[in-house]
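Me: I have a model open and would like to go through it with you. Could we begin with a sheet?

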Amino acid sequence: MAESGIESPAAPEWLLKLESRREQIKAKLSHESGNGAPCNVCGSSCPGLDLHFWRKICRNCKCRKEQHDCIDDDVSGWAQFEILGAIRSKPAYIRISELTTDKPVQLAWVPPNVTPELASDYMRTLGEQNIPIVGSEAAEKRKQQLEYQVPAHDLDTNLCHNLTPYEAGQLSDYVEKIKTHCVGQGTVVRVGGDTAGLVQYGTVVQQPAQSIGGTAPASSAPVDTANGTKRPDYMESPVLSDKMKYKLNLMGIGSSEMVAQAMLYDPATVLSGVDQSVPEAIVKFHQEYQANPKFRAEMDHFVDRLKFPTAHQTAYSEPVPYGEGGATIVPSGSNDSGFGSIPVSPSHAQLLGPMEALALGGGGGEQRGMPPAQQAVRDAVAMTPHHCTGCTQPIAVGEVAVKVDRASSSDRSIWHPQCFKCNRCGELLADLVYFYHGGAVYCGRDLAAMLKIPRCAACDELIFTKEYTAAEGATFHVRHFCCYHCDGPLAGQQYVMDERSAQPLCLPCYKGHYAQTCATCKRCIGPTEQGVGWDKIHWHKECFLCSGKHCQKSLIGGRFCVKANRPYCSAQCTKDI
């Protein structure tokens with residue numbers, strides 16, 4: 001651009017890294033990636049990963065590549081995230097109260113751009129067995145699930161074996177279509193209720209409080225002059241955790257001063273319900289204060305740090321006007337998924353839905369001066385909680401949930417974290433990567449199955465040609481319908497399906513490497529011969545006879561016992577040797 005005098009902008013860092021990974025992949029054959037890595041399934045019995053050139057399995061142990069501890073997945077495993085326009089999430093240290101240790105633990109993955117409290121609550125809902133602590137079985141399973149659920153070779157022609165130009169074009173078209181219509185990454189959110197504003201990283205966004213009946217607001221909250229909204233001043237306090245700030249906002253506590261004044265109430269009087277003039281927000285505060293030791297400790301510490309004068313403070317006897325929101329969803333603010341999520345910043349916080357300025361206080365808003373229209377909105381919100389798309393159960397206010405942006409209906413766009421599973425295989429969706437189709441979420445592997453795109457049972461790649469081989473309920477590229485052991489073509493040949501791998505074998509390989517040996521005659525039990533098996537012992541049908549010296553009757557269809565690996569018809573015959 002030197003002639004025009006216009007300087008081209010520098011490429012973003014994430015794009016440079018992505019292109020660097022592309023070049024590394026082009027320079028390195030895929031079957032070399034992870035070579036020699038130990039098998040997590042077979043252990044020491046596998047000498048290390050020796051990846052078959054196109055089968056995506058180890059030639060030594062027949063396990064898949066992702067079942068090996070490959071340390072260079074940053075080179076070979078980028079494709080799952082290229083389709084999202086994002087780089088793989090880095091490990092993070094998070095404190096999770098439900099674990100036996102009170103120290104932060106290193107997680108192999110956390111949801112993008114969430115607060116530590118939200119990440120901790122999300123992991124807690126998954127259950128300890130699914131928390132991907134670095135080095136744990138859960139972390140290894142999460143890695144395997146990602147690579148299995150979103151196969152890299154489903155997304156990039158460079159990772160496929162010997163595609164024709166037509167096949168490469170069809171795969172590229174498929175990838176573009178799912179990018180446009182299906183793929184996404186779930187957003188971790190916290191569900192708000194009828195007294196909650198929108199909370200993002202401790203920031204509350206709400207409509208300006210309106211005075212009711214001429215009553216001036218009793219709390220003074222900082223005003224965001226950019227949009228004219230108010231937020232409680234305790235949201236800026238470093239003393240309180242995000243979770244406690246959210247709880248205070250949920251209760252309707254409008255300011256730090258209101259926290260201090262709530263502490264002046266007599267708990268016995270408030271909780272007894274004798275004094276009906278006590279605002280509902282104060283009642284909720286004391287209920288939580290008595291029931292939650294962590295809340296009590298933080299509030300005590302917070303009030304100790306406040307510098308409000310206390311000599312002339314009086315209890316609230318009138319309802320406190322305060323902005324309340326409708327049932328809203330609090331986004332994590334993920335902006336690295338490539339789908340335009342809301343960035344997490346107090347200056348960028350936005351409302352997801354209409355917010356009504358409603359009065360707090362005890363029940364019966366109409367008696368306290370609330371307009372009937374606003375009371376109707378409040379009642380409607382209270383009667384329409386969010387329901388999990390997976391289990392259909394309600395998601396309570398304050399709970400963590402997963403929201404998808406691809407859903408066509410808001411009624412089917414939110415899940416419990418533990419319910420955010422593929423609708424076909426029932427497995428948790430690794431790293432919240434989903435493919436939306438027909439009102440449900442799927443993993444990438446099962447999306448192709450739902451779209452009825454055949455997958456080659458030998459190379460695990462999608463088949464985009466009209467001609468392919470179907471055998472024993474499986475589909476194969478014509479060029480990949482080969483012997484599982486020697487790779488010899490099987491077109492027009494007799495073959496045997498290996499029961500363990502469900503792969504075809506030529507007759508010589510079956511007899512030489514897979515067939516069982518008869519314990520009586522010591523000959524191979526051929527694929528066309530009938531055999532009998534017990535534990536790890538096998539016999540030809542005609543050799544399955546009582547081993548008693550004077551018996552020798554057939555044991556087919558009768559009872560038998562085994563002694564020294566020999567079959568007998570009765571205990572008496574075991575003595576007749």
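Me: In what order do the strands of the open sheet run, and is the pairing parallel or antiparallel?
Reply: The open sheet is formed by three strands in the order S3-S14-S15, with antiparallel pairing. Two strands pair if DSSP finds at least two bridges between them, and strands (E, at least two residues) and helices (H or I, at least four) are DSSP runs numbered from the N terminus.

Me: Which strands stand at the edges?
Reply: S3 and strand S15 (440-442) do; each has a single partner strand, so one side of each is left without a neighbour in the sheet. On average, neighbouring strands of this sheet are turned by 45° against each other, direction ignored; axes are lines fitted to C-alpha atoms, for helices over the stretch in contact, and angles run from 0 to 180 degrees between N-to-C directions.

Me: How many bridges join S3 to S14?
Reply: Three bridges join these antiparallel strands. Glutamine 185 has valine 433 in S14 as its bridge partner.

Me: Before going on, what kind of model is this, and how are residues numbered?
Reply: It is a predicted model, in which local features need pLDDT of at least 70 and side-chain atom pairs count only at pLDDT 80 or more, while totals for chains, interfaces and linings use all residues. Residues are numbered from 1 along each chain as its sequence is written, and side-chain values use heavy atoms, with hydrogens and water left out.

Me: Now helix H6: what should its 17 residues span?
Reply: At 1.5 Å a residue, H6 (residues 165-181) should span 24 Å, and its end C-alpha atoms are 24 Å apart, which agrees. The expected span is 1.5 Å times one less than the number of residues.

Me: Which residues of H6 are buried?
Reply: Glu167, Leu171, Tyr174, Val175 and Ile178 are buried in H6. Seen down the axis of H6, they fall within an arc of 100°, so they line one face of the helix; the arc is that of the directions from the helix axis to the C-beta atoms. Buried means under 20% relative accessible area, exposed over 50% and partly exposed in between, with a 1.4 Å probe and protein chains only.

Me: What do they pack against, and what is on the face turned away?
Reply: The buried residues of H6 pack against strand S3 (183-185), strand S14 (433-437) and helix H13 (444-450), where contact means heavy atoms within 4.5 Å. The face turned away from the buried side carries the exposed residues Pro165, Lys177 and His181.

Me: Which residues have the most contacts inside the largest nonpolar core?
Reply: Tyr122, Met123, Tyr174 and Phe420 do, in a core of 55 residues. Helix H4 (residues 116-126) gives the most to this core, with five residues. A nonpolar core is a set of buried Ala, Val, Leu, Ile, Met, Phe, Trp, Tyr and Cys residues joined through side-chain atoms within 4.5 Å.

Me: What does the second, separate core include?
Reply: That core of 21 residues includes Met251, Ala281, Phe285 and Phe302.

Me: And which residues of H10 are buried?
Reply: In H10, Ala281, Ile282, Phe285, His286, Glu288 and Tyr289 are buried. They fall within an arc of 165° seen down the axis of H10, so they line one face of the helix. Their cover includes helix H7 (242-251), helix H8 (256-262), helix H9 (267-272) and helix H11 (293-305).

Me: Lastly, what share of the protein counts as buried?
Reply: Of its 577 residues, 47% count as buried.
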